[in-house]
Amino acid sequence: KVMKCTKDEDVDKDADDLDPLNLSSDDTNQERMTSSKFMFVMMVIVLLVFSMGRNKGRAKEMELLSLNSLNYQNLRGQSIPNGDESITENLSQSDNYNQAALEVSFPFYFSSLSNLTEEYRPGEETPYFWDVHFSGESIAEAIFSQCHNLVMAAEFGLRQPEYSEDELGQFILDGGRYINVELNTKEGILRASNLGLAKSRLADVIISPYLHNIASQVFTTSDAGRLFALFRHPVDRALGMYHYLAKASWDPMYSPEVKKLTIEEFARSGYIENNWMTRFLVGKPKGKLTHSDMLLAKKIVKYKVLVGLYDELETSMSRFQRYFGWKDAKKTRADTAKCRSKAISRGDKNVLGHPTSIKDREAFASIQSGNSYAAQEVIVGNSAWKAIERQNVFDLELYAFAKRVYALQGEHIFGVVA
């Protein structure tokens, strides 16, 4: 028994030595210090890796949106090096960061819209004017018709005398030449697609706000479109829309209620658009816009759009003419320039009588005091301006980006000295 008791005591002692609950205070402190040091080192390593990854990711994002990453030699009409026609940004696959957040891809059907880095091919491509409402589109269409004598496929097809549903045809309306299609409705776009509008080459220019429907249904890779557009400051667009909706009794969107609203009330109402340009570019009419949506919108502008600006309307329209090589055999170059200037000076008949943006008091004073538009001055930074801005946060960023693209396209495509 003694031996057994001794053995049991030894076992118990060994067990006590191994029990972490019975360690001495010195051992416990040493263990805790070692553990704390280890945890601290691990936290530092994790933070460093996270920081490096985030910085690398942001660098890639900036590279994605850097205008200088374009090969501008190609913008002068040469082909993409090595025949690279991919529609996905070529980001490095070896980088350790979440590429899904940074690599934004065009919808597959955007391959039907030529990149600016590809040579423009007259006769094989059709110029496609993306119709951004209240951005000078009516003036542009007047110039297409009156100054360049272009055949337009736009929104007036149903006004063809003896309208033919089953075949494409050209007709004259108010002196302009049109194809009998209606491209301001999705049903009309589908009909134009079924009748082979792009393949027919009947239209010199196709005009529609529905970018994604046109790209996916009207154009194909063999009958591609070449995208160009006019951009305008989002606040100015909203002011134009406010004025139009208050007086355009002929339009289904007309509402006499708008006329009773101040501009600030309009900006807080359901009548104002929310980030229209961004939403129509990325094909997201409803729902919350995200950072990825902004990246995609910028990428489309960067690679696909020949940019014009409402504030530089005459220069922009001149660039479009030069790029697409539009010539009217009945007009000299001077005649065309004079025609263009005249059309711009006439302005848009639907929104005459209001300032496009009230940045000086002379412009504001010229507006009749009885007009509801003039009941509240809109100047940069005041409450009405900010109320409109809040509805156009994405469009404001996109517009600033488009202005940069415009400047660089001027330099690298049209030889404008910066």
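1. Two strands count as paired here if DSSP finds at least two bridges between them. The model is predicted.

2. Strands of a sheet pair through backbone hydrogen bonds, in either a parallel or an antiparallel sense. Both senses involve β4 in this model. The pairing of β3 with β4 (residues 176-179) is antiparallel and runs over four bridges. Gln-170 has Ile-179 in β4 as its bridge partner.

3. The turn of the β3-β4 hairpin deserves a look. Two residues separate β3 from β4. Asp-174 lies in this turn and has a positive phi of about 50 degrees.

4. On the parallel side, β4 pairs with β2 over two bridges. Here Met-152 has Tyr-178 in β4 as its bridge partner.

5. Next, a helix on the sheet.

6. Which helix does α5 meet, and at what angle do the two axes cross? Helix α5 (residues 186-194) meets helix α7 (residues 211-218), and the axes cross at roughly 20 degrees. The axes come within 9 Å. Angles under 35 degrees count as roughly parallel, so α5 is roughly parallel to α7. The crossing of α5 and α7 is right-handed.

7. The contact itself can be listed by residue. From α5 come Lys-186, Ile-189, Leu-190 and Ser-193. They meet Asn-213, Ile-214, Gln-217 and Val-218 in α7. Four of the contact residues are nonpolar, three are polar and one is charged.

8. How many disulfides does a search of the whole structure find? The search finds one. It is formed by Cys-147 and Cys-339, with sulfur atoms 2.1 Å apart. The link is left-handed, with -85 degrees about the S-S bond.

9. Consider where the two cysteines lie. Cys-147 is in the loop between α4 (137-146) and β2 (151-153). Cys-339 is in helix α14 (residues 333-346). The pair therefore ties together parts that are 192 residues apart in sequence.

Key:
Residues are numbered from 1 along each chain as its sequence is written. This is a predicted model: local features need pLDDT of at least 70, side-chain atom pairs count only at pLDDT 80 or more; totals for chains, interfaces and linings use all residues. Side-chain values use heavy atoms; hydrogens and water are left out. Axes are lines fitted to C-alpha atoms, for helices over the stretch in contact, and angles run from 0 to 180 degrees between N-to-C directions. Angles under 35 degrees count as roughly parallel, over 145 as roughly antiparallel, 65 to 115 as roughly perpendicular and the rest as oblique. A crossing is left-handed if the near helix is turned anticlockwise from the far one by less than a right angle, and right-handed if clockwise. Contact means heavy atoms within 4.5 Å. Ala, Val, Leu, Ile, Met, Phe, Trp, Tyr, Cys and Pro count as nonpolar, Asp, Glu, Lys and Arg as charged, and the others, Gly among them, as polar. A disulfide is a pair of cysteine sulfur atoms within 2.5 Å.
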